[in-house]
Amino acid sequence: MNRTYELMFIVRPDMVEEEQDKLISTLETAVTSSGGNVKSVEKMGKRRLAYMVRRFHDGIYVLLTVEGGGGLIHELERRLRVTEPVIKFITVRIDEEQKRLDKIKAIRDAKRKTPPPAPVPEAGGETAEVTA
Amino acid sequence: MTEEIRATTAASSGGERPAGGDRPSGGDRPSFGDRPDRGERRPSRPGGPGGREGGRKYFRRKKVCKFCVEKIEAINYKDVRLLAQFVAESGKIVPRRLTGVCTPHQRRLSSAIKQARNIALLPFAGRAS
């Protein structure tokens, strides 16, 4: 039951770099202790919020890609909710979407590969017929 | 189109043969007569079956799905630039009938926009301040 999730959360804009790293590392340990693994961590930096959240107009976005089960996500969300500087978060499951995209890509690649060789044998066959 | 012109010229020349017979000085007439004939035909054409330029008052271009045409399959909530194209000034999701996005893509688009709103990347209402 391994699923891939994307955890995006916003921390308050006045949070220092070290504290962010500390928060991220605690989340990472939480993930690994409950049997998941962190695929990537991306600090997207400070960004203007589209609307006011907890009296903040800006926020620091952090994106976490995590592999694991639903229990793990439950735990992570609980932690985020409890953590004071986190003002907003969203969890999105991405493995099924990724699977779909890979499938489409595979089909496209197959289509792209097949046409170039296909006309050549046909043309050769036609000419052979004509000459015969 | 060219066939029509040929047909008209043939008809006009056919009509002028007896006229030429009546008047010996009508040697220049076929070429002279053809030009105004064509000139008349042209404006009349758009109103008719040809109707390409300027004939109809509003010529509506066929809308096509941006995602199908540009082969964008990944509609992600993080891609604010892409999503913002389908959000009105008021923050509303622009309907399919205005943007021409196909149903499957609109479905994904709207869910992505809603996710983006949730994480304050897009506004629920009004412009992103």
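Analyst: Let us begin with the order of elements: from the N terminus on, chain B runs α-α-α-α-α-α. Please bear in mind that this is a predicted model.

User: How many helices and strands does chain B have?

Analyst: Chain B has 6 helices and 0 strands.

User: What percentage of the residues of chain B count as buried?

Analyst: A residue is called buried if 20 or more other C-beta atoms lie within 10 Å of its own. In chain B, 13% of the 129 residues count as buried.

User: Which residues have the most contacts inside the largest nonpolar core?

Analyst: A nonpolar core joins buried residues such as Leu and Ile through C-beta atoms within 7 Å. The largest one here has 35 residues, and those with the most contacts inside it are A:Leu7, A:Phe9, A:Ile10, B:Ile113 and B:Ala116. Among the elements that each supply at least two of its residues are β1 (3-11) and α1 (17-33) of chain A, as well as α6 (103-118) of chain B. The largest share, 6 residues, comes from β1(A).

User: Which residues does B:Ile113 touch, leaving aside those up to four places away in sequence?

Analyst: B:Ile113 touches B:Leu83, B:Phe86, B:Val87, B:Ile93 and B:Leu122.

User: How many residues does each chain bring to the contact between chain A and chain B?

Analyst: Chain B brings 13 residues and chain A brings 13 residues. On the side of chain B, 9 of these are nonpolar, 3 polar and 1 charged.

Definitions and conventions: Residues numbered from 1 in each chain as written. Chains lettered and ligands numbered in written order. Predicted model: local features only at pLDDT ≥ 70, side-chain atom pairs only at ≥ 80, totals over all residues. Buried ≥ 20, exposed ≤ 12 C-beta atoms within 10 Å, placed from the backbone. Helix = DSSP H or I, 4+ residues; strand = E, 2+ residues; numbered from the N terminus. Contact = placed C-beta atoms within 7 Å. Nonpolar A, V, L, I, M, F, W, Y, C, P; charged D, E, K, R; others polar.
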